[in-house]
Amino acid sequence: MHNSAMLRMEWFIKNYVPQDKKVRVLDVGSYDVNGSYKELFVGYKVEYVGLDMSKGPNVDFVPNDPYDWAELSDDSFDYVISGNAFEHIEYPWMTIKQMYKKLKNGGFSCVLAPNTMIEHRYPLDCYRYFSDGFAALARWANFQLINVTV
């Protein structure tokens, strides 16, 4: 996990996740390769669910279909986060649509992905993102945008 990604997600959590209210968080791409966002929720009343495509450290749920998470109820998470995973997803438009479906009305999402970096397959390396591209992807999935930055 890159330090900059940890700092950005930490900022999101401090500014959008209440410490005194129980909330559900879905972390998309949660497999702990070299760090996890789960540790940032220490001290919060969070039910954390780590989702990834294979079992491993920090993975609570592996969907039967990577682009249809039917086993998880729609509108069931207060927060859906993802960091350093979208560059590895072949069909990110399908993933972001699933994220939107699992998010409660009025919930928040934070998605982080690199816009530069050397190729790093894990197991694939498909995309790099800029603000306009990420904004278009989010709008396509019906998200209301608050902030998109590089």
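Helices here are DSSP runs of H or I with at least four residues, strands are DSSP runs of E with at least two, and both are numbered from the N terminus. Residues are numbered from 1 along each chain as its sequence is written. You are looking at a predicted model, in which local features need pLDDT of at least 70 and side-chain atom pairs count only at pLDDT 80 or more, while totals for chains, interfaces and linings use all residues, and side-chain values use heavy atoms, with hydrogens and water left out.

N142 itself sits in the segment after α3. Its positive phi belongs to a residue other than glycine. With 45% relative accessibility, N142 counts as partly exposed. That label covers the range between buried (under 20% relative accessible area) and exposed (over 50%), using a 1.4 Å probe and protein chains only.

Now step back into the helix. α3 spans residues 131–140, and its buried residues are F134, A135, L137 and A138. They cover an arc of only 160 degrees around the axis, which puts them on the same side of α3. The arc is taken from the directions that run from the helix axis to the C-beta atoms.

What do the buried residues of α3 pack against? Their partners are α2 (92–102) and β4 (103–112). Contact here means heavy atoms within 4.5 Å.

Follow the contact over to α2. In this helix, P92, T95, I96, Q98, M99 and K102 are buried. Looking down the axis of α2, you find these residues within an arc of 155 degrees, so they line one face of the helix. The buried residues of α2 pack against α3, and also against β1, β3 (77–83) and β4.

How do the two helices meet? In general, two packed helices are described by the angle between their axes and the distance between the axes. For α2 and α3, the axes come within 9 Å and cross at roughly 55 degrees. That makes α2 oblique to α3. Under 35 degrees would count as roughly parallel, over 145 as roughly antiparallel and 65 to 115 as roughly perpendicular, with the rest oblique. The axes are lines fitted to C-alpha atoms, for helices over the stretch in contact, and the angles run from 0 to 180 degrees between N-to-C directions.

The crossing of α2 past α3 is right-handed. On the α2 side, P92, W93, I96 and K97 take part, and they meet L137, A138 and W140 of α3. Sorted by type, the residues of this contact are six nonpolar, no polar and one charged. Ala, Val, Leu, Ile, Met, Phe, Trp, Tyr, Cys and Pro count as nonpolar, Asp, Glu, Lys and Arg as charged, and the others, Gly among them, as polar.

Is S76 buried or exposed? S76 is buried, with a relative accessible area of 10%. Leaving aside residues up to four places away in sequence, S76 touches R24, K102 and K104. K102 is also one of the buried residues of α2.

V42 counts as exposed at 67% relative accessibility. V42 and Q19 are 23 residues apart in sequence, with 9.5 Å between their C-alpha atoms. Within β2 you will find E47, which is partly exposed at 32%. E47 touches V23, R24 and V25, not counting residues up to four places away in sequence. The C-alpha atoms of E47 and V25 are 6.1 Å apart, across 22 residues of sequence.

Two last stops remain. G107 is in strand β4 and is partly exposed at 22% relative accessibility. T116 lies in the loop between β4 and α3, where T116 counts as exposed at 55%.

How values were computed:
Left-handed = near helix turned anticlockwise from the far one by under 90°.
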